[in-house]
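User: Can you walk me through this one? Start with the chain contact, then go inside the chain.

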4 protein chains.
Amino acid sequence: MNVKYSVFISNVASCSDRYCGAYGRKFSIEEMFERVKSIDSIKAVDIVLTEEFKDNIETIKECIRKSGLELASVAVDTFANPIFQKGSLSSIDEKVRRQAIDDAKFAVDFAKEMGCKIVTLWPGQDGYDYMFAADYIKERTLFTDALREICEYDKDVVVTLEYKLKEPRTHSYISTVGTTLLMLNDIGCENAGIALDYGHAVLGYENPAESVAICKMYGDRLKHIHINDNYGVWDDDMIVGSINTITYLEFLYWLKKTDYKGYITFDQFPYREDGRDAVAESAEWMTYLIELVDKADSCEIERVIATGSPIEASKLIRKMMRNK
Amino acid sequence: MNVKYSVFISNVASCSDRYCGAYGRKFSIEEMFERVKSIDSIKAVDIVLTEEFKDNIETIKECIRKSGLELASVAVDTFANPIFQKGSLSSIDEKVRRQAIDDAKFAVDFAKEMGCKIVTLWPGQDGYDYMFAADYIKERTLFTDALREICEYDKDVVVTLEYKLKEPRTHSYISTVGTTLLMLNDIGCENAGIALDYGHAVLGYENPAESVAICKMYGDRLKHIHINDNYGVWDDDMIVGSINTITYLEFLYWLKKTDYKGYITFDQFPYREDGRDAVAESAEWMTYLIELVDKADSCEIERVIATGSPIEASKLIRKMMRNK
Amino acid sequence: MNVKYSVFISNVASCSDRYCGAYGRKFSIEEMFERVKSIDSIKAVDIVLTEEFKDNIETIKECIRKSGLELASVAVDTFANPIFQKGSLSSIDEKVRRQAIDDAKFAVDFAKEMGCKIVTLWPGQDGYDYMFAADYIKERTLFTDALREICEYDKDVVVTLEYKLKEPRTHSYISTVGTTLLMLNDIGCENAGIALDYGHAVLGYENPAESVAICKMYGDRLKHIHINDNYGVWDDDMIVGSINTITYLEFLYWLKKTDYKGYITFDQFPYREDGRDAVAESAEWMTYLIELVDKADSCEIERVIATGSPIEASKLIRKMMRNK
Amino acid sequence: MNVKYSVFISNVASCSDRYCGAYGRKFSIEEMFERVKSIDSIKAVDIVLTEEFKDNIETIKECIRKSGLELASVAVDTFANPIFQKGSLSSIDEKVRRQAIDDAKFAVDFAKEMGCKIVTLWPGQDGYDYMFAADYIKERTLFTDALREICEYDKDVVVTLEYKLKEPRTHSYISTVGTTLLMLNDIGCENAGIALDYGHAVLGYENPAESVAICKMYGDRLKHIHINDNYGVWDDDMIVGSINTITYLEFLYWLKKTDYKGYITFDQFPYREDGRDAVAESAEWMTYLIELVDKADSCEIERVIATGSPIEASKLIRKMMRNK
């Protein structure tokens with residue numbers, strides 16, 4: 001299995017939550033690049049174009065050039081900028097929606113300029129919290145139209161939509177693999193894809209391997225992947241593999257089986273850990289888990305799956321884990 | 001709001017769970033019809049064609065005739081018959097799949113004969129429990145093909161698919177409003193619809209009002225509704241309105257707003273209560289909740305929704321509940 | 001039912017989350033007091049002694065004096081100060097633990113000076129996230145000893161412990177009503193109590209009314225209450241009553257039945273709403289819900305409870321809500 | 001780590017759920033014993049004294065004698081007998097409560113006669129489903145008194161209480177490790193213990209390793225263990241190790257660290273699998289997981305835990321899993 005790893009550059013810095021404004025010290029953009037560079041298996045970065053990064057676009061270009069790291073994807077900031085707090089692409093305020101569209105086009109242009117094929121949209125603020133406070137049809141229609149405009153802006157760049165059931169809103173519009181594919185198929189642009197976040201799938205009680213299969217079936221839309229780990233009910237954004245083993249094995253096997261060619265991007269919130277070390281650990285876990293998948297005999301796996309037998313599957317999994 | 005209530009006929013009898021085989025005594029088919037008939041506001045029944053009911057098809061016809069109750073929908077038994085324990089329409093065993101299709105066609109014929117427009121499919125056993133024990137693409141494809149065959153069998157009858165995230169399988173194929181619509185749109189038959197179970201939506205962290213909106217947007221597919229109540233994380237199948245009030249108000253408002261014309265069928269598991277009385281209570285709750293929605297000023301509701309303001313929504317909801 | 005409302009003073013200001021550093025503008029301490037003062041039914045405030053508030057202790061005293069608001073409780077900052085990110089009272093770092101104890105004693109002194117009877121400890125950072133990264137017995141023992149020291153420091157002030165299953169840690173030590181009472185009973189100080197947060201109870205699948213009963217049974221430990229609302233699986237900290245109605249009615253009834261005498265403190269995170277207005281809405285909801293409980297006939301409620309009949313309970317609840 | 005395995009004898013037979021009355025064929029008591037006997041690593045059985053087993057008590061004795069299997073624990077049927085559908089030890093109906101107590105004493109006598117040290121009580125029907133339908137203080141007091149009477153009946157037999165957050169009731173009285181220990185400590189009998197079901201702990205968002213630690217701290221009450229696996233939010237009762245790996249490693253390590261000496265009993269619901277084979281698979285998984293724990297260096301594990309470092313813990317876990 002040929003895998004290309006990337007990491008959200010800010011993952012190697014420090015983070016905050018709603019209680020504590022700063023768990024660790026601030027890192028400069030240059031430091032972040034150096035810290036990523038220090039992890040051998042990672043050859044690329046994903047960058048969210050927050051104010052800080054937009055204000056330092058030349059620094060970023062210089063860092064990319066100097067570090068030799070590739071740019072895996074450019075993400076639009078539709079969640080940290082407070083202007084989008086009540087929605088970005090689905091905002092009922094036309095000025096806000098227009099800015100979200102323009103920011104996305106800026107990201108498309110920047111991606112293209114940098115030779116990057118993927119723009120990521122995680123519309124975390126697009127949704128609602130309270131009953132009787134949103135017109136679900138109107139807002140979803142606005143969202144669809146905005147997304148179509150972005151996709152049509154430049155067909156050379158793949159625009160991926162990242163779904164998540166909730167948080168920061170209690171209910172997101174782009175919530176599950178199903179509702180996301182409905183919108184993408186409705187738009188009908190070939191360059192509209194899905195960015196599947198393993199942790200988001202899991203917190204919505206999706207089995208990530210099945211989500212991969214569903215993306216394959218309905219338009220072959222899987223174009224980007226984020227990984228991390230959690231306890232199954234919230235986006236804990238922990239070190240990859242620190243909680244789940246078997247779910248990960250099946251997920252990786254289905255990426256292999258469906259011939260996924262894109263990047264796998266680490267996406268974590270290391271509140272109390274050193275960010276660089278937490279990412280390095282994730283990379284070690286991925287190497288280990290992929291080794292288990294690759295050493296296993298794919299024909300045997302397919303044979304077991306075809307039996308539909310949990311007993312056979314149980315024996316197979318243990319054999320994979322024994323790595324013999 | 002013009003509402004037609006129905007009830008799964010077996011709801012007025014007694015039930016079992018995985019621990020206790022019989023919480024209450026057995027009721028004859030005739031008794032069940034009498035018990036439904038004793039609840040004034042309910043004018044129809046839904047019937048699952050389990051072995052017991054199929055073996056007494058003439059009794060059922062006679063009971064319907066005598067009681068004057070309408071037949072709201074005929075449901076196919078794809079979950080109680082142990083032959084379908086590893087799947088019905090998605091079964092990798094062709095004989096099993098064929099039987100499921102034939103049972104569905106039988107239900108379509110029976111529905112038509114009885115002047116009933118709706119057949120319901122709840123494929124509860126179609127899914128999986130363990131990792132590496134199912135080929136998600138193959139089984140979902142088999143499912144799609146089987147469902148298409150059923151829909152094409154008689155275009156006069158609407159075949160509705162009822163989704164549920166899990167149980168009895170840990171993972172169902174027809175899991176959420178999104179994956180269900182994907183399959184229905186893929187099939188492309190106009191007589192393929194959704195049966196939305198309020199409790200199923202809630203346990204999958206869907207907001208039922210938004211699910212109604214999504215069904216409207218993607219093909220106007222909402223054709224049947226089941227109601228009950230639960231604590232948000234499992235299909236507790238409790239008395240309607242016994243837990244949730246506000247979610248129900250919004251759900252009912254969106255049914256009104258999207259001009260839903262079908263039946264609303266009570267679907268409960270009254271383990272420790274008298275089944276007839278539990279259904280009668282649900283009917284009382286529905287009457288109460290619909291009264292609250294109907295007394296409210298729709299223009300004011302629309303105005304509040306258009307503001308997108310939780311504060312305005314909060315005031316509105318309290319006003320609706322004060323019923324003044 | 002005689003109720004005293006309070007509010008966490010910072011609730012009327014604005015907040016941040018892990019994505020967005022500032023949803024709204026900053027408010028001065030004076031402004032916060034004025035905003036609380038503008039809500040008629042609220043006569044008191046709760047204050048967390050964060051750095052900002054500790055640095056302005058004279059301003060706070062002045063604001064309390066001028067506003068005429070009472071001080072319902074003083075909360076120790078064991079969650080916003082990054083020094084406590086790996087634990088406060090349970091920290092394995094003695095210096096950190098010592099600071100947490102000293103901060104708590106400072107809060108006790110300040111409370112006493114201000115004529116306030118309650119100090120609140122919400123040890124949100126005391127817990128763990130990863131497997132094999134904590135000695136549960138050792139840390140829980142350190143916690144117990146530290147709490148005992150604080151309770152013994154001044155027997156005139158009640159030290160209340162606020163439990164929550166998780167967040168910011170994936171697992172908190174003070175997690176449920178049960179584990180909290182175990183620790184309090186172990187300490188054996190009469191001035192050790194529980195601060196029950198309605199939303200924390202709900203997210204841990206406790207029924208708040210039952211939690212009130214359990215506090216009563218095991219030492220009559222309920223001394224403070226926080227309220228807000230959520231969807232049942234996360235601490236959404238929403239406007240009181242915006243989601244749950246019936247659960248709240250039972251909760252309030254059990255407060256009445258067990259003769260709760262303390263404050264009821266609003267505790268919300270109004271990310272996208274005006275904080276003052278969101279609290280005012282909560283106060284309106286509380287007034288409404290308590291009116292429903294107070295108009296109901298307690299003898300009838302007790303008679304229904306004694307039947308143990310869900311059917312009777314269902315009728316009762318509807319009658320309460322019809323408010324007739 | 002010296003482990004004694006047992007299995008609920010009915011686990012090797014077949015089961016039902018609320019939809020399907022019989023997933024597999026019926027097995028005789030003799031067949032069940034033979035099937036257990038065919039699994040090499042299992043040397044004991046747990047037996048629930050349901051009507052069927054009570055009616056065949058001589059057959060059971062004969063089977064135990066002939067098979068050479070030990071009796072690990074005798075469980076009282078407080079959940080399958082419909083008389084207990086609204087509660088057993090907490091029932092407000094004195095006759096029902098008396099029968100539950102008498103059934104428990106019968107189990108104590110039977111256990112003693114058979115040389116078995118443990119009686120298990122899983123009060124699955126003791127709880128409630130609806131608001132305003134139970135007096136939580138009264139019922140919990142009745143429960144406590146009944147349990148005390150059973151414990152005092154024969155001090156030579158340990159009476160273990162098995163907690164579970166919910167199901168079959170939506171809310172159980174014996175819900176979490178905390179509320180259970182509160183009751184046991186209140187009773188004050190040394191022969192009152194906890195039966196910890198790994199799956200029950202997990203579905204209540206307890207980390208089983210921490211639950212073991214809590215049992216140790218508050219009275220050293222852990223006397224029996226049930227194992228199975230699930231997806232974290234429901235009691236799926238699956239093959240041990242089929243979902244979770246790392247949580248299991250930590251759980252087993254804490255059993256070792258706290259010197260647990262009792263049985264580990266498989267407790268599963270193999271709806272669609274051959275029951276005997278599903279238990280055999282669980283035994284294989286346990287052997288594998290315990291091998292990983294035993295090959296690891298306990299001093300190193302303790303050293304890592306003492307650092308409190310997730311990074312160190314992550315490296316340690318991977319090393320354990322690589323089994324080198």
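Analyst: Chain A gives 19 residues to the contact and chain D gives 19 residues; two residues are in contact if their C-beta atoms, placed from the backbone, lie within 7 Å. This is a predicted model: local features need pLDDT of at least 70, side-chain atom pairs count only at pLDDT 80 or more, and totals for chains, interfaces and linings use all residues. Residues are numbered from 1 along each chain as its sequence is written, with chains lettered from A and ligands numbered from 1 in the order in which they are written.

User: Which element gives the largest share of the side of chain A that touches chain D?

Analyst: α10(A), with six residues. Helices are DSSP runs of H or I, at least four residues, and strands are runs of E, at least two, numbered from the N terminus.

User: How do chains A and D superpose?

Analyst: A rotation of 180° with 0.0 Å of shift along its axis does it, RMSD 0.0 Å. That is the relation of a two-fold axis.

User: New topic. Is β2(A) mostly covered or uncovered?

Analyst: Covered: five of the six residues in β2(A), 44-49, are buried. Buried takes 20 or more other C-beta atoms within 10 Å of the residue's own, with C-beta atoms placed from the backbone.

User: What does β2(A) pair with over six bridges?

Analyst: β3(A), residues 70-76, in the parallel sense. Pairing needs at least two DSSP bridges. V45(A) stands opposite L71(A) there. β1(A), residues 4-8, also runs parallel to β2(A), joined by three bridges.

Note on methods
Copies are superposed by least squares on the C-alpha atoms of residues with pLDDT of at least 70 in both. A residue is buried if 20 or more other C-beta atoms lie within 10 Å of its own, exposed if 12 or fewer, and partly exposed in between; C-beta atoms are placed from the backbone.
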